[in-house]
Amino acid sequence: MKVSIKVNGQNYTRDIEERTLLVHFLREQAGLTGTHIGCETSLCGACTVLLNGNAVKSCTVLAASADGTEVTTVEGLAKGNELHPIQEGFWEKHGLQCGFCTPGFLMATVQLLERNPNPTEDEIRHGLEGNYCRCTGYHNIVKAVQFAAAKMRGEAIAAD
Amino acid sequence: MGEKFFGKPIKRKEDPRFITGAGNYVDDITLQRQSYVAMVRSPHAHATIKSINVDKAKAHPGVIDVILGQEMLDAGIGSIPVGWLLDGLKTPPHYAITVDKARHQGEIVAAVIAEDSYTAEDAADLVEVVYDVHSAVANPAKALEGGAPQVHSDAPGNVTFNWQIGDKAATDAAFASAAKTVKLDLRNNRLIPNAIEPRASLADYNRGTQEYTLYTTSQNPHVHRLIIAAFVMGIPENKLRVISPDVGGGFGSKIFQYPEEIIVLYASKKHKRPVKWNAKRSESFLTDSHGRDHVTTAELAVDANANITGLRVKTAANMGAYLTLFAPAVPTYLYGTLLAGTYRTPNIHCEVTGVFTHTTPVDAYRGAGRPEATYLLERIVSYMAQELKMDPAEFRKKNFIGPDQFPYQTPVALAYDSGNYVPALEKALAMANYTKLRADQAEGRKNGRYIGIGFSTYLEACGLAPSAVVGSLGAQAGQWESSLVRVAPTGKVEVFTGSHSHGQGHETAFAQIVADRLGVTMEDVEIVHGDTAKMPYGWGTYGSRSGPVGTSAIVKAVEKVVNKGQKIAAHLLEAREEDLEFLEGKYQVKGSPDKAVSFGDIALQAHLAHNYPADLEPGLEASAFYDPANFVYPFGTHIAVVEVFPDTGKVEILRYIAVDDCGPQINPLIVQGQVHGGIAQGAAQALFENALYDDNAQLLSSSFMEYALPRADSLPSFEIDHTITPSPHNPLGVKGIGEAGCIASTAAVANAVNDALEPFGIRHLDMPLSPPRIWKAIQDAVPAQAAD
């Protein structure tokens with residue numbers, strides 16, 4: 001079947017098998033391998049992308065059902081060379097180690113901060129409970145999100 | 001040498017690619033004419049394969065081939081070998097595709113190659129296997145009982161080895177004369193590594209050069225090449241190139257050579273096209289080597305003054321259905337040797353039986369043997385303190401090896417070269433505000449709040465390790481590390497390292513060391529790893545060895561480059577070599593900074609060789625191989641503060657305090673990250689994670705639905721600090737920190753929960769300390785408390 005999805009502002013129209021998963025469409029048809037597959041069961045969150053602005057786990061969305069939608073992946077987060085504040089936060093605060101879960105965390109954080117621009121530590125931890133990280137123990141991910149939230153609110157960033 | 005970068009919390013060089021989705025993991029690599037393989041796996045833990053019918057699968061459109069075990073055996077593909085041998089070790093063959101029997105759930109019985117991954121999966125379902133199913137055994141203690149189902153006919157009683165360390169007679173005597181002894185039965189729960197990147201392998205055979213390239217998720221690409229080429233496939237080692245690009249976490253599970261890697265290589269040659277395999281998470285659960293899984297009886301003895309006089313340990317270690325690369329070393333030399341911990345225990349005896357069961361192979365998982373030893377020791381030390389009605393911190397302090405006792409020879413082989421345990425303990429107690437904590441705990445108990453405080457004053461031995469030593473203990477490998485430092489004509493530096501980074505930040509930390517020593521910028525230094533065609537032979541990254549061993553090789557190679565540069569500088573400056581010094585990127589005549597030549601100029605001259613010393617080779621590069629003189633011995637104090645909610649049995653970690661000593665820190669940001677992640681993994685063993693098999697050896701916890709990996713809301717933020725006691729035997733004085741958090745935290749959390757349960761008269765609960773287990777224990781104990 002023919003499916004047309006706008007990914008990071010660019011249209012991708014492809015002939016695909018009906019059962020193609022969105023994550024496979026993104027990785028194999030659009031060549032955007034920043035979105036990772038960690039569990040194929042929507043439990044680990046590594047494949048999180050924004051679908052019409054909502055964070056979804058693209059391993060359990062059919063590409064067919066995303067026909068006509070707009071998808072943002074990690075590749076679409078920065079504006080040219082200018083990193084998104086969330087990307088900056090993860091870099092500044094060492095919020096990643098192996099980097100595999102990172103794209104999913106970044107995209108989940110976009111939604112978290114849209115809904116709650118000034119989250120408490122508890123709210124951050126609950127807000128990101130749909131994503132697994134095996135490396136960081138989440139400590140620095142919390143700090144990264146706090147950094148990003150402050151920056152997005154236009155506040156000066158306090159040094160450690 | 002100026003230290004502009006060493007010791008600074010520098011943001012990681014590798015991060016920009018990871019935060020922009022530009023990482024390059026195995027599954028991100030696509031080759032022309034790439035085909036895919038899906039595995040047919042045994043659903044049974046123990047079954048004889050009576051027949052396999054592949055006709056329907058082969059007839060399925062898009063299917064290229066279906067490969068069975070016998071075909072690979074006939075083609076001369078051998079068993080995957082064990083890399084660490086013990087006396088009398090039973091090593092039954094372990095084929096990539098089994099030919100006769102399945103010995104654990106998930107063992108491969110056929111491989112289906114197809115044009116795309118969906119088709120391969122479809123066709124795998126069409127392979128018809130008839131099994132004769134037998135009874136199976138998963139628990140190591142049960143596997144040792146008479147009449148237990150046998151895993152291998154050539155390993156009677158399911159025993160793969162019997163091993164011991166320490167002086168049995170002296171230890172028995174210490175127990176006979178002890179003022180007090182305690183005994184604990186401990187179950188060290190089995191864990192599943194669950195790196196977030198599932199394993200993946202892509203093989204590409206070039207029929208022109210007859211060369212194989214294997215892209216695979218490996219922590220040690222050269223080890224993969226050696227084992228697979230020389231011992232499994234019988235191909236010349238220089239005809240196999242192993243590339244391990246960005247790797248999404250290892251934790252030990254990506255050290256080993258797995259069946260899937262052999263299958264893609266074999267299939268790629270057979271069909272003259274690339275073959276790719278990606279693990280689904282369900283396959284990760286069933287086939288990544290698991291960790292821990294001990295059944296142990298431990299006893300501790302003290303004299304009348306509360307001095308520890310003896311430790312006696314008997315362990316049945318579950319090895320799973322086959323022995324993988326390091327497996328025999330984990331519950332022996334990485335376990336029994338650590339049982340002295342930070343204490344002056346004069347008599348220790350430890351006996352271990354390695355047991356085959358119908359389960360996934362068990363091998364090194366973050367800490368590998370050392371977390372098992374530390375949990376046992378720190379748990380029984382707290383248990384004894386409770387028995388003696390002594391404060392657990394006081395009891396520990398009283399028994400610490402003193403700072404004046406180093407080097408310290410333990411009764412279990414290791415010789416600690418340095419350590420200073422009291423300052424770390426004192427610092428942690430101060431951070432915790434310990435006196436007030438105990439007061440709060442007592443107050444809480446009056447009001448029905450059950451707070452627990454748990455200690456782990458751990459030590460670990462890492463930085464594997466002197467090659468001759470590990471060789472004498474059974475390792476079929478060296479444990480040195482390599483480096484090649486290559487300076488380009490423009491002064492840019494490439495550092496090829498035998499270490500492999502899969503989250504540890506080597507590209508940053510290693511560059512800090514090199515940039516300081518060459519007086520160049522961080523951007524001038526590129527750390528290259530993960531490709532056997534580029535790097536010198538290296539043993540890879542595990543056992544917290546890249547900090548102490550990997551960097552030492554780099555320091556040595558950089559020194560050689562600096563020394564060669566000095567010869568060129570002497571020629572250019574018309575000075576004597578010994579009159580020069582190398583400072584901040586310049587060779588200058590001592591005392592005459594105006595008579596100087598920059599490192600960049602030297603790099604250019606080394607390549608032009610126009611105005612050049614007659615007796616010197618052109619070029620500017622050097623390699624070094626560093627074999628450590630000893631292990632390194634990081635240590636520290638971790639304190640967990642938990643609250644147990646008796647109505648639900650739930651545990652909440654209220655605070656977690658850690659003071660670790662890994663010597664000088666190359667990059668504190670990275671060190672802290674390693675500590676955080678380690679604490680989380682260790683605490684998760686205490687509270688959440690448990691690989692659970694049923695009586696048919698079916699893995700019940702086989703997905704993220706049943707296996708409780710900690711999530712962001714499962715844990716608190718951690719309060720961490722450090723002390724610095726340098727290692728005396730490596731050039732930077734550094735000690736490994738990759739596993740310390742994980743080694744320490746399990747016991748700290750378990751001790752805290754058991755401490756919280758004291759008012760209920762509960763003395764010990766096994767891990768994981770899950771709500772049902774705690775709730776039931778409280779219910780069982782409540783009648784005894786009813787009179788209160």
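User: Happy to start at the interface: how many salt bridges does the rule find across chain A and chain B?
Analyst: This is a predicted model, in which local features need pLDDT of at least 70 and side-chain atom pairs count only at pLDDT 80 or more, while totals for chains, interfaces and linings use all residues. Residues are numbered from 1 along each chain as its sequence is written, chains are lettered from A and ligands numbered from 1 in the order in which they are written, and side-chain values use heavy atoms, with hydrogens and water left out. A salt bridge here is a side-chain nitrogen of Lys or Arg within 4 Å of a carboxyl oxygen of Asp or Glu. Across the interface of chain A and chain B, the rule finds five.

User: Thanks! Which residue of chain B forms a salt bridge with A:Glu92?
Analyst: The closest N and O atoms of this pair are 2.9 Å apart. The partner of A:Glu92 is B:Lys11.

User: Which helix gives the largest share of the side of chain A that touches chain B?
Analyst: Helices are DSSP runs (H or I, at least four residues) and strands likewise (E, at least two), numbered from the N terminus. On chain A, α1 (22-29), α2 (85-92), α3 (102-115), α4 (121-127) and α5 (139-152) each supply at least two residues of the side that touches chain B. The largest share, four residues, comes from α2(A).

User: And how much area do chain A and chain B bury between them?
Analyst: Buried area is the accessible area (1.4 Å probe) that two parts lose on being put together, summed over both. Of the area between these chains, 55% is on carbon and sulfur atoms. The total for chain A and chain B is about 4400 Å².

User: Now within chain B: how far apart in sequence are the parts that B:Arg41 and B:Glu260 tie together?
Analyst: The two side chains meet in a salt bridge at 2.8 Å, N to O. B:Arg41 lies in strand β1 (residues 35-41) and B:Glu260 in helix α8 (residues 259-271), both of chain B, so the parts tied together are separated by 219 residues.
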